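Subject: Structure handover and findings

Dear colleague,

Please find the structure below, handed over for your own work.

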Amino acid sequence: MCCFIDWQKAFVRVKWTKLVQILKGTDIDWRERRLISNLYMAQSVKVRLNRRETGSVKIGREVRQGCCLSPIMFNLYSEYLTKEALERFEDFKIGRQIIHTVKCADNLVLLAKEERVLQDMIDKLNEIGRCCGMEMNVEKTKVIRISRQPFPIKFMIEQKQLENVESFKYLGSILANDGRCTCEINVGLLWLNLHSTRRGLFY
């Protein structure tokens, strides 16, 4: 079973005080940590209204837009969050390797074999996420049961039921509840045909 987590405005909700705390637990040199801390903690903004600017206001969250450090900072934040929430779960294994999640930036998938375990993972992730300033988007978070004979499953976030889906597009791949990815193959063939046609026009 999979749960495709959608965080509301994930990059905007990164708390700087929590980020600095997470950095202290890494092997990053203290001088570089201080540089990153100063880069974030000293930020302020002004708002222009009717051609006039307000006074400076300090801001305390969101990774810096356009900064080359931002993806790294968000990945550190996301990794800390998922590790804190899911470290004790050992339900899903490939070989001898325990797999809790599949992650890419703010795209997160929870994996489990049993419904009870997946619900516990969702609840714990939601709890730790709130402590870190993150919030799940219930309307966009989806669940899917992958089986030869799939049937609806019921998962909740704060008394709101998550939507069951028959297929879900994740990072360009369309995963169906029977385990197939035929749609992705068809899209790839379509792209290849279009590419071949264009080459025929210009060469």
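Phe-74 has a relative accessibility of 2% and therefore counts as buried, a class that covers values under 20% relative accessible area, with exposed over 50% and partly exposed in between (1.4 Å probe, protein chains only). Please note that this is a predicted model, in which local features need pLDDT of at least 70 and side-chain atom pairs count only at pLDDT 80 or more, while totals for chains, interfaces and linings use all residues. Residues are numbered from 1 along each chain as its sequence is written, and side-chain values use heavy atoms, with hydrogens and water left out.

Overall description

The protein contains five helices and 15 strands; helices (H or I, at least four residues) and strands (E, at least two) are DSSP runs, numbered from the N terminus. Of its 203 residues, 33% are buried. Among contacts (heavy atoms within 4.5 Å) with a separation of 6 or more, 63% are between residues 24 or more positions apart. The exposed surface comes to about 13,900 Å², of which carbon and sulfur atoms supply 51%; the areas come from the Shrake-Rupley method with a 1.4 Å probe, and for residues only the protein chains shown count as cover.

Aromatic pairs

Two aromatic pairs were found in a search of the whole structure. Rings of Phe, Tyr and Trp (its six-membered ring) pair if their centres lie within 6.5 Å; planes under 30 degrees apart count as stacked, over 60 as edge-to-face and the rest as tilted. The pair of Phe-4 and Phe-168 is stacked, because the ring centres are 4.0 Å apart and the planes stand at 15°. This pair joins distant parts of the chain, with Phe-4 in strand β1 (residues 2-5) and Phe-168 in strand β14 (residues 167-170), 164 residues apart. Phe-4 is buried, at 5% relative accessibility.

Phe-11 and Phe-74 make a tilted pair, with 4.3 Å centre to centre and 35° between the planes. Here too distant parts of the chain are linked: Phe-11 belongs to the loop between β1 and α1 (16-24), Phe-74 to helix α3 (residues 70-86), and 63 residues separate them. Phe-11 is partly exposed, its relative accessible area being 35%.

The whole structure holds one cavity of 30 Å³ or more. On a 1 Å grid over the protein atoms alone, a cavity is a set of points where a 1.4 Å probe fits but cannot get out, and lining residues have an atom within 4 Å of a point. Grid points are joined across faces, edges and corners, and a volume is the space filled by probe spheres set on the points.

Two loop residues

Asn-177 sits in the loop between β15 (173-176) and α5 (182-202) and is buried at 18% relative accessibility. Leaving out residues up to four places away in sequence, Asn-177 touches Ile-144, Arg-145, Ile-146, Ser-147, Pro-150 and Glu-166.

Ile-99 is located in the loop between β7 (97-98) and β8 (101-104) and is partly exposed, with a relative accessible area of 22%. Beyond its neighbours within four places in sequence, Ile-99 contacts Phe-92, Ile-94 and Leu-111.

With kind regards

Methods: On a 1 Å grid over the protein atoms alone, a cavity is a set of points where a 1.4 Å probe fits but cannot get out, and a pocket is an open set with protein on both sides within 12 Å along at least five of seven lines; lining residues have an atom within 4 Å of a point.
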